[in-house]
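Hi,

Here is the structure I promised to pass on. Have a look at it first, and then read my notes below.

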Amino acid sequence: MPRTHGTHAIQHKQRIFDYDFMRFVAICFVLAIHASCLTYIATTPVQWAYTYTMRNILFTCNGLFFLLAGKFALTRQADEHISTFYMKKVSGLLIPFALLALLRTLYNLFPHYETAAHLGKEFLLALLAELNHSEYWFMFTLIPLIFAAPFLAPAFKQLSREKMNWLFALTIIWLAIHFVSSNTTLPFEWTWIFPGKYVSFFFLFCIGPSVEQYFENKRARWILYFCGLAALIACVICNYTAHTEQLNDNSPMHIALVLCMFFLLKNISHFLVFMRKPIEFVAPYVIYIYLIHMPIEYELLRAFPQLEQPNSFFIFIPFTLITLIGSFVLGLVVHTLLIKPSQKLFLKVAHLKKS
């Protein structure tokens with residue numbers, strides 16, 4: 001996502017590369033998930049074991065994005081006026097989302113464009129609901145959380161160790177019961193923290209500012225790594241036994257894997273400082289890559305239908321790389337030609353009205 005003034009102070013911290021690296025890896029995970037689903041077909045037990053293991057690791061991408069979003073959204077400047085906060089979020093978040101949603105609507109309708117009224121209606125429906133059934137669900141879930149950040153921040157920004165222990169314990173218990181209920185006939189309709197189907201993502205968003213302090217000592221970190229390994233094994237077993245409902249969304253195993261991946265990537269980034277410049281160049285446009293990549297993958301499959309074969313494992317990797325490069329280039333073009341001018345126009349109008 002293009003950096004806004006609201007995150008300017010954070011960008012110059014020494015460890016910003018850690019988080020840019022996480023964003024880059026998370027978007028690669030997203031592309032890899034969709035590429036593997038579209039191209040890789042497992043036919044042997046070994047292939048299935050590989051598929052289950054890799055996909056459970058790759059599915060940490062969603063949780064990583066929510067964790068990072070909460071880390072920055074809930075630590076905004078205390079002296080920033082709330083109207084300024086919202087103006088920046090409209091410019092840096094809503095405008096790119098709306099314009100990319102418009103392009104996605106045009107892609108979905110192609111070539112059946114009728115009247116301008118019909119196009120406007122389809123675009124409105126896409127913004128209100130339809131795109132929530134695509135990969136755009138991520139934005140439908142994340143944007144409300146970011147806009148609620150000024151009210152969530154005081155509650156979650158400075159949790160004591162004791163309260164964090166209780167929050168973790170109660171959330172894990174709720175997720176465990178919910179997961180069992182989702183995969184059996186056990187009824188369970190209680191909610192926790194936030195109602196809805198993405199409680200784990202809300203939880204990760206809210207603990208973003210505190211998670212590094214919570215796992216700051218080596219003992220806690222090693223316990224987390226052990227839990228992450230155990231969670232991965234449990235996820236693979238759940239895949240084999242077909243207990244996969246909410247496995248990669250609302251399960252305690254998913255929380256453990258996401259947190260484990262967060263700290264693993266943070267440690268790995270220290271050895272990849274030589275990649276700082278290219279990663280920091282790509283990282284601001286991660287959200288564009290996310291919202292643009294699926295049409296590119298669809299067109300690749302249309303151009304190369306032979307990709308859908310059991311032996312396509314070796315095609316899956318370049319398929320992901322091509323999608324990454326194509327999405328980034330297209331995102332850069334859309335940002336330059338459409339989004340950036342729209343943001344400038346909005347800020348100009350907003351400042352005129354304010355004055």
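**What I found**

Ile-193 is partly exposed, with a relative accessible area of 33% (buried means under 20%, exposed over 50%, partly exposed in between, using a 1.4 Å probe and protein chains only). This residue sits in the loop between helix H9 (161–183) and helix H10 (199–207); helices are DSSP runs of H or I with at least four residues, numbered from the N terminus. Most residues other than glycine have a negative phi, and most peptide bonds are trans.

Residues are numbered from 1 along each chain as its sequence is written, and side-chain values use heavy atoms, leaving out hydrogens and water.

How confident is the predictor? The average pLDDT (confidence in each residue, from 0 to 100) is 87 for the protein, and 90% of the residues score at least 70. Helix H13 (residues 252–269) has the highest mean among the elements, 95, while helix H1 (residues 8–11) has the lowest, 35. Over residues 1–15 pLDDT stays under 50. Where pLDDT is low, the predicted coordinates should not be read in detail.

Now for a helix pair. The axes of helix H5 (residues 82–109) and helix H7 (residues 137–147) come within 11 Å and cross at roughly 170° (axes are lines fitted to C-alpha atoms, for helices over the stretch in contact, and angles run from 0 to 180 degrees between N-to-C directions). That makes H5 roughly antiparallel to H7, a label for angles over 145 degrees. Residues including Phe-85 and Leu-93 in H5 meet residues including Met-139 and Phe-147 in H7; contact means heavy atoms within 4.5 Å.

Lastly, which residues does Tyr-240 contact, leaving aside its neighbours within four places in sequence? They are Pro-45, Trp-48, Ala-49 and Tyr-52. Tyr-240 is found in helix H12 (residues 218–240).

Cheers

Note on methods: Predicted model: local features only at pLDDT ≥ 70, side-chain atom pairs only at ≥ 80, totals over all residues. pLDDT = per-residue confidence, 0-100. Helix = DSSP H or I, 4+ residues; strand = E, 2+ residues; numbered from the N terminus. Parallel < 35°, antiparallel > 145°, perpendicular 65-115°, else oblique.
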